[in-house]
Amino acid sequence: MGIFYNQQERVFRLDTPGSTYLINIVDEEGFLCHAYYGRRIPDDNMAYLLRLNPVGGPFKTSGQQASFLDQLPVEYSGHGLGDFRESCLRVETEEGYRSCGLTYLSHRIYGGKPALPGLPATFGGEGDCTTLELRCHDRYLDLEVCLLYTAFEKLDVICRSARIENRGEKPVTLTAALSACLDMDNRDFDLITLHGSWAYERMINRRPVAWGKQGVSSLRGISSHHEQPFLALAEHAATQDQGQVYAMHLVYSGNFLAQVEMTQQELLRAVIGIHPQDFAWKLDPGGSFQTPEAVLAYSHTGLDGMTHALHDLYRNHLIRGPWRDKPRPSLVNNWEATYFNFDTEKLLDIARTAAGRGVEMLVLDDGWFGCRDTDTNSLGDWFVNEKKLPGGLKYLADEINKLGMKFGLWVEPEMVCPDSELYRAHPDYALQIPGRPPMLSRTQLVLDFSRQEVRDCVYSQLHKVLSSANIEYIKWDMNRALTDVSSLCLDADRQGELFHRYVLGVYDLQERLLRDFPNLLLENCCSGGGRFDPGMLYYSPQIWTSDNTDAIDRLRIQEGTALIYPLSTMGAHVAACPSHTNGRVTPFDTRGLVSLPGCFGYELDLTKLTEEELDMIPGQLENYRKYGPVFHDGDYYRLASYGGNGEYDALMAVTKDKRTAVIDYVHVMSRRRRRSVLLPLRGLDGETRYRSSETGEVRSGAGWMYGGLLLPEMKGDFTGKLIVLEAV
Ligand code: GLA
C-alpha cells in the first residue's frame, strides 16, 4: 500500500515509485497542511518546511492567527479567515455570510479507487493504487469536505478531488469548489501551459513564474481550443530528460481555472478546478457536490517523466472499452473530400478506391441528415436525408461492409439549428435568456443538456440511427462555445449550476451511448481539438486533434498534444493538397509520415489522387499496421522540434520491452549543410544492440543514445523518413 498514517507524528504519507507527498495535521485546531511533495524520501515528517514558528507561538494564543494562515501551506484552502491566496472552497450562507476554513475530522485508507458519480475519473483496482479519504470540516457551518487522494503503485501520479457535504439544516451555496491545491516554495520554476486557437491548438508555452497570479482558463463551456486544463511547474533548468516537473491536469470538459500564484516569501500556490466565475452551486441540507478529478504528476527526469506518467495513466487507468488496447482502424473521412456535396454513389466511389488499397473504414461526416446541404440548418434532426442517400444508412453501410470495410458516422448531438424540425417543435430546448435574442454561432444554438427530457429526445433519435445500420464508429462533434447560459427549467438560485450541469449532461449521454452500444468506437471532436481533454478520453479513446490538416502545422499541434496525451488518442489524417487550411503543398508521403503516429486516416477525395499517390497508400497502411502499436503503446520521446529549430522535426517511440524503436523524422525547411545533423536518441536499452533500417549499422543502445543518430541528408523542403531500430 502506498499510503500510510503516522499517528504519533500526525502525518499522512503518500508514496509512488519516485515521489512522496506529505500531509501534516497541525496544531490542536487540526489544520491540514501540505508539508512536502517531490522526489521520494524516507523521512516521515518534514514539518520544518511549514515554517510554523515565525509568526510566534501557538496558533490560538499568538494573536497572529490571520498572518499565520496566510503563510501556511495547506491542502485545500478556504477563505475569509486570513488565507488571502486563491480559495479552493468558497461558501455563502443563506444569510449572505462568506467565510470558511477546514480542519481535520477523520480519515480512511483503502486499496483501489472509488468512481466519481456522474464524472469521468481515473480508475484502478486494489493492486494498482491506494486511496486516502481525508475528512475535514468547518465546524461553524456544518460543512464537511472529503478530500480524496489516490496514489498509484507504478506511476508517479496522485489523483485528487473533493466532495463537499452540507450536514447542516440550512442550504449553503458554493461559489468556488476547486479540485486541488498545491502550496510549495518556488524552486525557480517555469510555468508550462498549452495555448491555442481554432486550427492551432496546444502550442507549448513556457515562461518563468512571476509574482502574482498567472494561469489559464476557459469560460466557454468547453475546455477550449484556447487553453488546456493543464499546467506544469518545471524547474527553469529542466529539460526533456532532466530536472523536476510538477503537472496538474483536470479530468473535465467545461469551464476551468489552472493557476499559479506567487505570493510573499516566494510561496507558490497552484490550483486547478472548475472556474469559480459563472459558478454557484446550491447545497441543500444533506446534499453533496463532487468536484472533478485533478491529476498530479511528478517527475525528476524532466518533461519525459511527466509525459510518460500521464501517457501511461491515461492509457491504462482512464480510457475504457474494447477499443482501448486494439489497433484503431485506418479510415477515410469524406469531410474535406466532398463537404456537403455527396450522395451514395460518390461515397461508394471513395469507399471502393479505399477498400482496394486496404483502408479499413469509411466515415460519413456532416450533411447526411435532415435537409442539410450547408452548415446553416437541420442540426437536431437526426434522420437520414433519403434524397442524398436513397436506401438510407442501411443500404450505404451494407454496401461498404460488402467491400470489407467498416462504416462510421458523424453527429453533433448537443446542437440545434433554428431552421430545424426540433427547434420548431421545442424552441425552449435551447439555452436562452428570456427576452434576449440568443447569440448564434455557425447558425446554431446549444441545447440545454442539463435537462433530462432534452437529452432523452436527442438520444432516442441517435439510438434509432445507430440501430438502423451497422455503424461501428461515431464522430461526436460540438461546434460552438456556450452563450446565453440560462435554463428555462432552473430556479433563479440555481442558474449558476448550469455550466456544470451541461457538462454532466454530455457525460451522461456519452455513457448511455457506450452502455447501449458497447463495441462502438467513439471519437470526440469539437471544431477540431476544442474539447481535447481527459474528461472526453474517459468516453472516447481517440479525439480529432485539429481541423488544421496541413502536415507542417500539424507538427507543432501534435507535439503540444503529445506532451500530455498518448499518441493513440490523436486523430491524424492525410489531407488534400494544396491544404484546405493554409494552401501549403506537401508531398503525399510526408503527409503520411506526420499522420502515422496518431489514429491514422485519409481526409481527401481518394478518387482524385494520382496513380503514384494511390500506390503509396498500401505502404502507408503497412507502416501503420507494423509501427502503429509502437507509437500507440510504447514510450514517446520528442527528439527535435521544428517549432524550436525552424528546420526539422523528429519524434521517437520505443516499445515497452525496448526491442523496437521508430523515429519519425520530418525535414521541414532545407538548408545546405556540410555535415549531417546529429540527433541524440533516448529510451533505448544501453546494452542491447540495434540495427538501423536506414543504414544497416548495428550499435549499442548507449551508442545510439549518447553518440546519436546521423540524420539522412535530404534535399528539398517537406520531406522525411521513418527510421526503425530493431534489437538484434
Ligand atoms: C467540425 C469538425 C470537422 C467536420 C465539420 C463538419 O468543424 O471539426 O472535422 O466534421 O465540423 O461540419
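Predicted model: local features only at pLDDT ≥ 70, side-chain atom pairs only at ≥ 80, totals over all residues.
1. Strand β1 covers residues 3–6 and strand β2 covers residues 11–15. The two run antiparallel, and 4 bridges join them. One of the pairings sets Ile-3 against Leu-14 in β2.

2. Look next at the turn of that hairpin. Between β1 and β2 lie 4 residues. Arg-10 sits in this turn and has a positive phi of about 55°.

3. Move on to Ser-486. This residue lies in the loop between β26 (473–476) and α8 (498–516). Is Ser-486 buried or exposed? Its relative accessible area is 15%, under the 20% cut-off, so Ser-486 counts as buried.

4. Now the helix pair. Helix α11 spans residues 588–595, and helix α12 spans residues 611–633. They pack at an angle of about 25°, with their axes 10 Å apart. The angle is under 35 degrees, so α11 is roughly parallel to α12. Their crossing is right-handed.

5. Finish with the contact between these helices. From α11 come Phe-588, Asp-589, Arg-591 and Gly-592. They meet Glu-613, Met-616, Ile-617 and Gln-620 in α12. By class, the residues of this contact divide into 3 nonpolar, 2 polar and 3 charged.

Note on methods:
Residues numbered from 1 in each chain as written. Heavy atoms only, no water. Axes fitted to C-alpha atoms, helices over the stretch in contact; angles between N-to-C directions. Parallel < 35°, antiparallel > 145°, perpendicular 65-115°, else oblique. Left-handed = near helix turned anticlockwise from the far one by under 90°. Contact = heavy atoms within 4.5 Å. Nonpolar A, V, L, I, M, F, W, Y, C, P; charged D, E, K, R; others polar. Buried < 20%, exposed > 50% of the residue type's maximum accessible area, 1.4 Å probe, protein only. Pairing = 2+ DSSP bridges.
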